[in-house]
Amino acid sequence: MKMEKIISLVAVIMLAMSTVAFATSKEKETGDENSKIVVWTLSEDLNKFADYYVRKYPNKNVIVVVVDPADYLTKITTALTLKSDVPDVIVGEHQMLSYYYEAGLLEELNQEPYDIEQYKADIAPYVYEAGTDQYGNVRAISYQVALGDITYRRDFAKEIRENDDPEFIAEKFKTNVTNLACQFGATIGPKPYIIGGTFLGISTHSKNKDAAWDFIKFCTLDSEVSQWWVGKSNGEDNKDMENLKYQGEY
């Protein structure tokens with residue numbers, strides 16, 4: 001049993017070291033040390049944000065490390081336990097945030113110098129709420145979230161209920177709806193939910209928190225960057241989209 005524990009510990013440490021080696025191999029030499037940040041993420045999205053950020057601000061230096069989702073929490077936990085090579089920006093999906101909050105991994109953004117309250121009017125309410133811990137402290141913010149809904153076949157609804165309108169179907173769930181003009185209809189179920197998405201927070205162990213916050217604001221609070229991302233991710237123009245359940249935000 002002791003030998004198994006030792007082997008497991010060695011495996012975890014080696015896993016962490018592989019991340020460190022990867023980060024070092026991708027480090028850029030441009031920009032001064034005070035502007036350099038390391039971002040650990042789950043997907044390639046933030047590589048695109050980082051490239052755009054550095055193009056606009058050549059003195060900045062962003063190292064993006066893409067980690068397999070299956071290994072992500074292990075790498076984060078190990079890095080914080082060893083207190084070495086900790087990223088400045090930690091990324092997580094909505095369902096991972098409660099773990100981050102309980103483990104104290106993320107900075108409180110309500111406090112100075114972040115003062116997230118001043119940006120609240122520009123943030124979709126459900127995004128703001130999702131990034132808030134149980135004590136009311138905002139610790140993460142997102143440039144995209146994945147809202148849950150119920151999708152149904154319009155032709156089946158027409159046959160069974162003699163009505164395929166999303167608002168009619170929504171009444172059966174006693175909730176509001178979104179409307180998709182296609183063969184399928186969509187409505188939010190009895191309890192709206194969010195899963196997935198991409199939330200960014202500042203590591204409590206970061207040595208360059210100001211630079212980390214500057215990058216997070218760029219990704220999540222800059223309207224020009226938001227529209228750039230809509231086009232970059234091959235999304236549709238979002239100005240005509242509605243989400244009645246969530247204060248009309250999309």
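Two strands are taken to pair if DSSP finds at least two bridges between them. The exercises below apply this to a predicted model.

**Exercise 1. Describe how strand E3 is joined to strand E7, and identify the bridge partner of Val 89.**

Step 1. Strands of a sheet pair through backbone hydrogen bonds, in either a parallel or an antiparallel manner.

Step 2. Strand E3 (residues 89-92) and strand E7 (residues 198-202) run antiparallel and are joined by 4 bridges.

Step 3. For Val 89, the bridge partner in E7 is Ile 202.

**Exercise 2. Classify the packing of helix H2 against H8, and list the residues that make the contact.**

Step 1. Two packed helices are described by the angle between their axes and by the distance between the axes.

Step 2. Helix H2 (residues 45-56) packs with H8 at an angle of about 105°, and their axes are 11 Å apart.

Step 3. Angles of 65 to 115 degrees count as roughly perpendicular; H2 and H8 are therefore roughly perpendicular to each other.

Step 4. H2 contributes Leu 46, Phe 49, Ala 50, Tyr 52, Tyr 53 and Lys 56 to the contact, while H8 contributes Ala 211, Asp 214, Phe 215, Phe 218 and Cys 219.

Step 5. The residues of this contact of H2 with H8 comprise 9 nonpolar, no polar and 2 charged.

**Exercise 3. Carry out the analysis for H2 and helix H9, including the handedness of the crossing.**

Step 1. The axes of H2 and helix H9 (residues 223-232) cross at roughly 130° and come within 12 Å.

Step 2. This angle makes H2 oblique to H9.

Step 3. The crossing of H2 and H9 is right-handed.

Step 4. On H2, the contact involves Asp 45, Lys 48, Phe 49, Tyr 52 and Lys 56; on H9, Glu 224, Val 225, Trp 228, Trp 229 and Lys 232.

Step 5. Sorted by class, the contact of H2 with H9 has 5 nonpolar, no polar and 5 charged residues.

Conventions: Residues are numbered from 1 along each chain as its sequence is written. This is a predicted model: local features need pLDDT of at least 70, side-chain atom pairs count only at pLDDT 80 or more; totals for chains, interfaces and linings use all residues. Side-chain values use heavy atoms; hydrogens and water are left out. Helices (H or I, at least four residues) and strands (E, at least two) are DSSP runs, numbered from the N terminus. Axes are lines fitted to C-alpha atoms, for helices over the stretch in contact, and angles run from 0 to 180 degrees between N-to-C directions. Angles under 35 degrees count as roughly parallel, over 145 as roughly antiparallel, 65 to 115 as roughly perpendicular and the rest as oblique. Contact means heavy atoms within 4.5 Å. Ala, Val, Leu, Ile, Met, Phe, Trp, Tyr, Cys and Pro count as nonpolar, Asp, Glu, Lys and Arg as charged, and the others, Gly among them, as polar. A crossing is left-handed if the near helix is turned anticlockwise from the far one by less than a right angle, and right-handed if clockwise.
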